[in-house]
Amino acid sequence: MSPESPNSGKLYLVASPIGNLNDLSSRFTDVLAGVDLIACEDTRVTSKLMAHLGLNTPLVSYREENERSKSIELCQAMIEGKSIALLSDAGYPAISDPGFRLVRACHTHHLKVIPIPGPNAAITALAASGLPTHQFLFHGFLPKKKNGVLQILEKWKDFSGSLIFYESKYKIEKTLSLLESAYGPERFVCVARELTKVHETILSGALSKIRPLVAQRSTKGEFTLVVAPAGYSFEDAE
Ligand code: SAM
């Protein structure tokens, strides 16, 4: 392992709020004010955050489509001494968002990576779910097609911890229906909607109870789905 050069810049991983601007930390602001450049998904989204904080650090677009070429460019800038903050539109960068390639490139080039803890929808939903937290598997987004979803569900059917999925408002009801056909109506789930926002809703219980509740309510907004291991229920829990 080669040591990092003292003259190189650093990469800061900075999580932005998943809905509530009050979740911004003072460290978040200090880092964004102190770096030379902010690499972010959508410069329009981050510009609003910067205006809110009264900051004018230069922004550069770093998104799925240009992740590979930008990672090389940004590493070069760090080798030349510039420090960079990596930001997503919401939540933790590199988690179902661009970032992994840049972090990997930093390690390859012995550039220091400094993670700043902050908001993440998966961990927030898991902690609030009442479902087992001692072991969990984060899957991110499920495939678009039904067969792909069923294959993934089959693969993790007997996993001994909770499963965490990101889901869109367009597919949440369909996914719950596939989940019920694959795992049965007794499987416990948590549907966490609009976490940290005005319409935050956290529904936890057996699929047979939660599915109709989701169908009755608005499915606008953002969803994270947590699925308990087989056999788990609130009644049997110690
Ligand atoms: N990097 C982000 C993180 O750390 O949470 C996740 C980005 S991923 C592109 C966006 C997905 O995260 C949404 O489609 C939704 O499934 C989930 N998500 C984001 N914000 C959420 C919120 N406030 N409530 C529930 N789920 C949310």
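**View 1. Packing of helices H6 and H7 in the predicted model.** Helix H6 spans residues 146–156 and packs against H7 at an angle of about 45°, the two axes lying 10 Å apart. H6 and H7 are therefore oblique to each other, since angles under 35 degrees count as roughly parallel and those from 65 to 115 as roughly perpendicular. The crossing in which H6 passes H7 is right-handed. H6 contributes Lys 146, Val 149, Leu 150, Leu 153 and Trp 156 to the contact, and H7 contributes Leu 178, Leu 179, Ser 181, Ala 182 and Tyr 183. By class, the contact of H6 with H7 holds eight nonpolar residues, one polar residue and one charged residue.

**View 2. Packing of helices H7 and H8.** The axes of H7 (residues 172–183) and H8 (residues 207–216) come within 10 Å and cross at roughly 165°. This angle makes H7 roughly antiparallel to H8, because values over 145 degrees are classed in that way. H7 passes H8 in a left-handed crossing. On H7 the contact is formed by Glu 173, Leu 176, Ser 177, Leu 179 and Glu 180, and on H8 by Leu 207, Ser 208, Arg 211, Val 214 and Ala 215. Five nonpolar, two polar and three charged residues make up the contact of H7 with H8. Leu 179 of H7 takes part in this contact and also in the contact of H7 with H6.

**View 3. Packing of helices H3 and H4.** Helix H3 covers residues 67–79 and helix H4 covers residues 100–108; they pack at an angle of about 40°, with their axes 9 Å apart. H3 and H4 are therefore oblique to each other, and their crossing is right-handed. The residues in contact are Glu 67, Arg 68, Ser 71, Leu 74, Cys 75 and Met 78 of H3, together with Phe 100, Arg 101, Leu 102, Ala 105 and Cys 106 of H4. The contact of H3 with H4 divides into seven nonpolar residues, one polar residue and three charged residues.

View 4. A polar backbone atom of Ile 95 is 2.8 Å from a nitrogen atom of the ligand. For Asp 97, an N or O atom of the side chain is 2.8 Å from a ligand nitrogen atom. An oxygen atom of the ligand lies 2.9 Å from a polar side-chain atom of Tyr 166.

Methods:
Residues are numbered from 1 along each chain as its sequence is written. This is a predicted model: local features need pLDDT of at least 70, side-chain atom pairs count only at pLDDT 80 or more; totals for chains, interfaces and linings use all residues. Side-chain values use heavy atoms; hydrogens and water are left out. Axes are lines fitted to C-alpha atoms, for helices over the stretch in contact, and angles run from 0 to 180 degrees between N-to-C directions. Helices (H or I, at least four residues) and strands (E, at least two) are DSSP runs, numbered from the N terminus. A crossing is left-handed if the near helix is turned anticlockwise from the far one by less than a right angle, and right-handed if clockwise. Contact means heavy atoms within 4.5 Å. Ala, Val, Leu, Ile, Met, Phe, Trp, Tyr, Cys and Pro count as nonpolar, Asp, Glu, Lys and Arg as charged, and the others, Gly among them, as polar. A polar contact is a pair of N or O atoms within 3.5 Å; within protein, one must be able to donate a hydrogen and the other to accept it, and residues adjacent in sequence count only if both atoms are side-chain atoms.
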